[in-house]
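Subject: Structure handover

Hello,

Here is the structure for your files. My notes on what was found in it come after it.

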Amino acid sequence: MSDSPVTVLIVGAGARGEIYARYALEHPERMQVVAVAEPRRAYRRLLAERHAIPPERVWRDWRDALALGRVADAVFICTPDNEHTAPALEFTRQGYDMLLQKPLSPQEDECREIVRVAQANGILFAVAHVLRYTRYTQALKALLADRAIGELISLQHLEPVGWWHQAHSFVRGNWRNTHEAAFMLLAKSCHDIDWIQYVMDAPCEAVSSFGNLSHFTPENQPAGAAARCTECRPETESTCPYSALKIYTGEHPFCTPGFLSVLTPDPTAENILNALNTGPYGRCVYRCDNNVADHQVVNMRFAGGKTASFTMTAFIPMAKRQTRLFGSHGCIEGDGRILKVRHFSTNQETVYDTRAGAPETQHAGHSGGDLALVARFIDAVSQRSPGYILSGPQATLESHRVVFAAERSRRQGQTIHLSQE
């Protein structure tokens with residue numbers, strides 16, 4: 001066990017890299033960001049300035065860091081989905097402990113290889129399935145362990161992606177096209193499938209899935225719409241819920257500097273308008289190169305006959321995930337913060353506020369999951385104990401298998417039996 005802060009190399013200084021690195025600013029006695037590799041100059045410079053990283057430890061390409069040997073205790077890999085595998089394998093072979101942004105890879109064989117190499121090299125390895133780490137999830141797991149509703153029989157889970165979030169990330173943004181990133185269920189909802197498997201606490205035996213891209217297609221473009229929202233007829237733009245002008249220049253609560261920094265690292269009104277005129281986020285949602293599903297359902301059968309259903313949809317306000325759990329002696333409703341337990345024997349309800357007694361700052365970023373993930377990973381590294389990691393290589397590979405099977409089911413129109421694969 002070391003009393004010195006864990007030193008970290010950040011590979012990929014975009015939104016996720018910056019958020020995970022932020023832990024070092026709040027807890028410098030526990031973690032220190034000492035190096036960064038990021039191809040975009042503005043994002044690379046910003047992270048380097050915030051963490052006082054010397055110029056000789058700032059690189060455009062992660063291979064430059066690799067060439068110097070091990071420059072930190074651990075590496076956080078936060079590159080785009082289809083750029084996870086190469087750095088994950090290479091830094092693992094150098095002996096870095098690793099926090100890898102989900103998913104492992106858009107390719108199932110690469111997922112298996114990453115896990116194989118991580119286990120063969122004996123590193124501490126965590127995947128950013130942040131939902132496992134929240135106070136809410138841990139409170140729910142405790143209730144189930146105490147048999148508050150008897151035996152868990154089935155589960156129903158909804159991910160309300162949100163109409164504007166779908167347009168932002170999965171129509172205009174980085175995760176819009178499977179040629180550049182993972183398919184929708186893996187990119188957005190592997191969190192949820194992993195969380196369901198964690199809560200059900202049993203192997204998934206079979207999966208079926210349905211869904212497609214229904215709305216964000218050229219056939220649904222309104223009359224009078226242009227290729228860009230800034231060029232659209234006012235009467236058309238004003239009635240479009242997906243207008244980039246509404247989303248990025250309006251008074252909506254999601255128009256935060258952090259959200260807008262995806263468009264430009266300096267989100268002034270002038271820079272935002274320029275980004276909408278020239279960049280991908282100003283395109284009409286009906287004239288993009290997106291091909292990922294905008295709604296999908298997944299049905300799962302677990303060992304012992306337990307079942308779960310999952311729905312992902314764009315066509316809803318963005319909100320916390322909503323879950324119902326059905327047990328032999330009671331049921332639970334949860335929304336990411338509040339857990340309502342109905343006891344069948346008394347027909348009484350007990351309500352738990354999982355934020356009670358904790359500072360509000362602990363609930364930022366996936367309801368506190370971002371902060372808790374990094375904290376537990378740093379605990380694991382500093383104490384050389386994998387027990388702090390809730391989303392290790394084998395658990396992650398198992399939930400990824402379910403996601404890939406669900407996507408095969410969606411495309412092939414048949415139930416996939418995982419025991420036969």
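Residues Y136, T137, Q138, L140, K141 and L144 of helix α6 meet W195, Y198 and V199 of helix α8, where contact means heavy atoms within 4.5 Å. Helices (H or I, at least four residues) and strands (E, at least two) are DSSP runs, numbered from the N terminus. By class, the residues of this α6 and α8 contact are six nonpolar, two polar and one charged. Here Ala, Val, Leu, Ile, Met, Phe, Trp, Tyr, Cys and Pro count as nonpolar, Asp, Glu, Lys and Arg as charged, and the others, Gly among them, as polar.

This is a predicted model, in which local features need pLDDT of at least 70 and side-chain atom pairs count only at pLDDT 80 or more, while totals for chains, interfaces and linings use all residues. Residues are numbered from 1 along each chain as its sequence is written, and side-chain values use heavy atoms, with hydrogens and water left out.

The axes of α6 and α8 are 10 Å apart, and the two helices pack at an angle of about 30 degrees. Axes are lines fitted to C-alpha atoms, for helices over the stretch in contact, and angles run from 0 to 180 degrees between N-to-C directions. The angle makes α6 roughly parallel to α8 (angles under 35 degrees count as roughly parallel, over 145 as roughly antiparallel, 65 to 115 as roughly perpendicular and the rest as oblique).

Next, the sheet. It is open, has nine strands with mixed pairing, and runs in the order β14-β13-β12-β11-β7-β10-β9-β8-β15. Two strands pair if DSSP finds at least two bridges between them. β14 (348-353) and β15 (416-417) are the edge strands, each pairing on one side only. β15 and strand β8 (residues 204-212) pair in the antiparallel sense over two bridges, and H417 in β15 has A206 opposite. Helix α6 (residues 135-145) packs on the sheet, and its direction makes about 15 degrees with that of β13 (338-343). Helix α8 (residues 184-200) also packs on the sheet, touching β7, β8, β9, β10 and β11, and its direction makes about 155 degrees with that of β7.

R57 sits between α2 (41-50) and β3 (58-59). Is R57 buried, exposed or partly exposed? R57 counts as partly exposed because its relative accessibility is 29% (buried means under 20% relative accessible area, exposed over 50%, partly exposed in between, with a 1.4 Å probe and protein chains only). Beyond its neighbours within four places in sequence, R57 is in contact with V34, A35, V36, L68 and V71.

Regards
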